[in-house]
Amino acid sequence: VARHRVASLAVFAVVVVSVVGFVVSASLYADSKRSQLAEVAQRRLAEQRLELATMEANKAKAVTAFVAEMLASADPGEQGRDVRVVEVLDRAADKLAETLKDQPGVEANIRHVLGITYINLGLPSQGRTQLERAAELRASLLGSAHEDTQESNYNLAMTLSNLGKYDEAEALIRIVLGNYIKEQGDDGAGP
């Protein structure tokens, strides 16, 4: 019996050491996997941030180049001494789709600014054209409920109202208001 007891204790000790070794190994393996997953997630996040920063830099370059070209087009040598702002804006608006055909987001932002500029110059019809296109581009890129699309639609609705197009303005402002209410939630407390 004593002989079996020693053998039994030896087997028990081997089993306990094996189980403890397995648990420790499994724990270390799980920690290693978690570290690897966290590293992969961090790498992906860094790549996404780099891609976003690159896209934003490209947008900024495109806007800068477009504005520089627009301002350079105000050449008194070609158009005479009295180059009007409206003429510069008209030429810019005409070239916009061609110049930024591969960057619809940038085109939408510039069209929005051109629309507001036309309106501020007392040219609401030209402003309407630019805001309509900006809203279309933004809706197709960002969705109809996106904040930027809503901004273009709101400014377009105000322009339509100023042009006496009250039914169109009301329909559009109802859409903007409906999207705003949805965004704020049912209780109006915000997102």
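## Helix 4 and helix 5

Helix 4 and helix 5 are roughly antiparallel to each other, because the angle between them is about 155 degrees and angles over 145 degrees count as roughly antiparallel. This description refers to a predicted model. Helix 4 covers residues 104-120 and helix 5 covers residues 124-142, and their axes lie 7 Å apart. The crossing of helix 4 past helix 5 is left-handed.

On the side of helix 4, the contact is formed by Pro-104, Gly-105, Glu-107, Ala-108, Asn-109, Arg-111, His-112, Leu-114, Gly-115, Ile-116, Tyr-118 and Ile-119. Helix 5 contributes Pro-124, Gln-126, Gly-127, Gln-130, Leu-131, Arg-133, Ala-134, Leu-137, Arg-138 and Leu-141. Sorted by class, the contact of helix 4 with helix 5 comprises 11 nonpolar, seven polar and four charged residues.

## Helix 4 and helix 6

Helix 4 also packs with helix 6: the two axes come within 11 Å and cross at roughly 25 degrees. Angles under 35 degrees count as roughly parallel, and helix 4 and helix 6 are therefore roughly parallel to each other. Their crossing is left-handed.

In this contact, His-112, Ile-116 and Ile-119 of helix 4 meet Glu-151, Ser-152, Asn-155 and Thr-159 of helix 6. The residues of the contact of helix 4 with helix 6 comprise two nonpolar, four polar and one charged.

## Helix 6 and helix 7

Helix 6 spans residues 147-162 and helix 7 spans residues 166-184; they pack at an angle of about 155 degrees, and their axes are 8 Å apart. This angle makes helix 6 roughly antiparallel to helix 7. The crossing of helix 6 past helix 7 is left-handed.

From helix 6, the residues in contact are Gln-150, Asn-153, Tyr-154, Leu-156, Ala-157, Met-158, Leu-160 and Ser-161. They meet Tyr-166, Glu-168, Ala-169, Leu-172, Ile-173, Ile-175, Val-176, Asn-179 and Tyr-180 of helix 7. The contact of helix 6 with helix 7 consists of 12 nonpolar, four polar and one charged residues.

## The largest pocket

The largest pocket has a volume of about 190 Å³. Its lining consists of Ala-145, Glu-147, Gln-150, Glu-151, Tyr-154, Ile-173, Val-176, Leu-177, Asn-179, Tyr-180 and Glu-183. By class, the lining of the largest pocket includes six nonpolar, two polar and three charged residues.

Helix 6 and helix 7 each provide at least two residues of this lining, and helix 7 gives the most, with six residues. Several residues already named return here. Gln-150 and Tyr-154 of helix 6 take part in the contact with helix 7 and also line the largest pocket. Among the residues of helix 7, Ile-173, Val-176, Asn-179 and Tyr-180 meet helix 6 and likewise line the largest pocket. Glu-151, another lining residue, belongs to the contact of helix 6 with helix 4.

Technical notes:
Residues numbered from 1 in each chain as written. Predicted model: local features only at pLDDT ≥ 70, side-chain atom pairs only at ≥ 80, totals over all residues. Heavy atoms only, no water. Axes fitted to C-alpha atoms, helices over the stretch in contact; angles between N-to-C directions. Helix = DSSP H or I, 4+ residues; strand = E, 2+ residues; numbered from the N terminus. Parallel < 35°, antiparallel > 145°, perpendicular 65-115°, else oblique. Left-handed = near helix turned anticlockwise from the far one by under 90°. Contact = heavy atoms within 4.5 Å. Nonpolar A, V, L, I, M, F, W, Y, C, P; charged D, E, K, R; others polar. 1 Å grid on protein atoms, 1.4 Å probe; cavity = no way out; pocket = protein on both sides within 12 Å on 5 of 7 lines; lining within 4 Å. Points joined across faces, edges and corners; volume = space filled by probe spheres on them.
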